[in-house]
Amino acid sequence: MAHYIGAIDQGTTSTRFIVFDAGGNTVAVDQIEHAQIMPQPGWVEHDAVEIWANTQKVIAGALAKGGLAAADLAAVGITNQRETTLLWDKASGQPVHNALVWMDTRTADLVGQLTATGGQDRLRAKTGLPLATYFSGLKLRWLLDSVPGAQARAEAGELLFGNIDTWLAWQLTGLHITDVTNASRTQLMNLETLDWDLEILALLNIPRGCLPEVRSSSEVYGTCSGVLDGVPLAGILGDQQAALFGQACLAPGEAKNTYGTGCFMLMNTGEQPFASSNGLLTTLGYKLGDAPAVYALEGSISIAGALVQWLRDNLGLINDAAEIEALARSVEDNGDVYIVPAFSGLYAPHWDDSARGVIAGLTRFASKGHFARAALEAVAFQTGEVISAMTADSGVAITELRTDGGMVVNELLMQFQSDILGVPVVRPKVIETTALGAAYAAGLAVGYWQSTADISANWGVDKRWVPAMPEDRRAALFEKWNKAVAMSRGWVG
């Protein structure tokens, strides 16, 4: 009998394979980073062949660490960096270009052209998304325009498009599929029909034949070969939706925030899409088999943990990301230093592609510690902006924030986040909720878990932070933050 569930967690900076038991506990894990390719400012690419090779390595590595074989897995799920766009040759399986990463801004001119003729929200009613460089559809359009012969080959059925979930599913099973959560991030899927919108495809001249089949988030899609030979592939969720599911945010109004390369807050809004008027995205939360789809409001922040990486890799202020907390604690406050990490423009709630990064408030008093503290505080300030927008949209005041992702081990950040929000911040016992959500989706499809009640029963609190900052101090800090954000806007163009 297969006793475990596996999850491929393919993220922006690394790929992991995690094996979970029925209690949602980690049994084994392996992880490998991949290269960040930056041909010019604003362009970010990944080598999809490297990602697939790493995926196979971490699967084998985790199984070996756990003393397991593929036959010990009842099913496997995939969770992935969303919007990262790939086009490959159907016959050879080779990508025709590096994958364009979600934070890549090379489609800014296309965004401008479409906005000029119909407004930034011309596709929002159907897709829940504003026109922005973030989403996959315009990245696909760029590839079709820029790779010689790509448009004709796509029209002839020779090229296949997908986000990273589709690429991995194709490698594992030979199926060209995606799930509703990833499809909702392309800006090509209709939120009502849960299928590709023919009018949008015509507007962007996207050949229907290169697009994957849209499936639910939890069903047996097919059987894997290779390193997972014989294991059912039974769950696919975009990473942030997987975290929502893994955090057991299963009722309308429940929300989570994931602190990774970027920062992504999702609120479950139930079985009807909820239109935002405050700069948030309407997206799919998840769809379990034949059950109705569950929707979510999302606030997307492009740079969170990536700011710490930048301090490490570009400025050399730290040697390891884990050092950021100690350095930030070496000073009492931010020394009036504010960092707005608009490296790829500003995402929610501003959606301003013209913004660029700003460091404000510098004096000779400013030190490495102030830079470190300002970097952590930038993550919390951006989350505060998103929560304000979410409250305005939903009319629901959040009473606590469930958190996950790599940065939640940083207790200084978690306390400041609680202070700046004025509500408790909760870290769950299992912080690998992105992979866990994909595992839950796969396990439900094969009966490993019987219902979502099992997911709720598994969720538990590791630590809770409560606000300790006076209201006037919170207001003063946000006033300075807003001043710094204003300075970042309008830099390009």
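I looked up Gln187 and found it in the loop between helix H7 (180-183) and strand S10 (189-190), where helices (H or I, at least four residues) and strands (E, at least two) are DSSP runs numbered from the N terminus. The model is predicted, with local features needing pLDDT of at least 70, side-chain atom pairs counting only at pLDDT 80 or more, and totals for chains, interfaces and linings using all residues. Residues are numbered from 1 along each chain as its sequence is written, and side-chain values use heavy atoms, with hydrogens and water left out.

For Gln187 I noted a phi near 70 degrees, positive in a residue other than glycine. Gln187 is buried at a relative accessible area of 4%, buried meaning under 20% (1.4 Å probe, protein chains only).

I then turned to the loop between strand S19 (338-340) and strand S20 (358-360), which holds Pro349. A cis peptide bond joins Ala348 and Pro349, with omega about -5 degrees. Trp351 is in the loop between S19 and S20 too; its phi is near 50 degrees, again positive in a residue other than glycine, and Trp351 is buried at 8% relative accessible area. Most residues other than glycine have a negative phi, and most peptide bonds are trans.

Last, I checked the open sheet of six strands, in the order S3-S2-S1-S5-S14-S13 with mixed pairing, where two strands pair if DSSP finds at least two bridges between them. Its edge strands, S3 (26-33) and S13 (218-223), each pair on one side only. Strand S5 (residues 73-80) runs parallel to strand S14 (residues 232-238), joined by five bridges, and Asn80 stands opposite Gly238 in S14.

Terms used. Buried means under 20% relative accessible area, exposed over 50%, partly exposed in between (1.4 Å probe, protein chains only).
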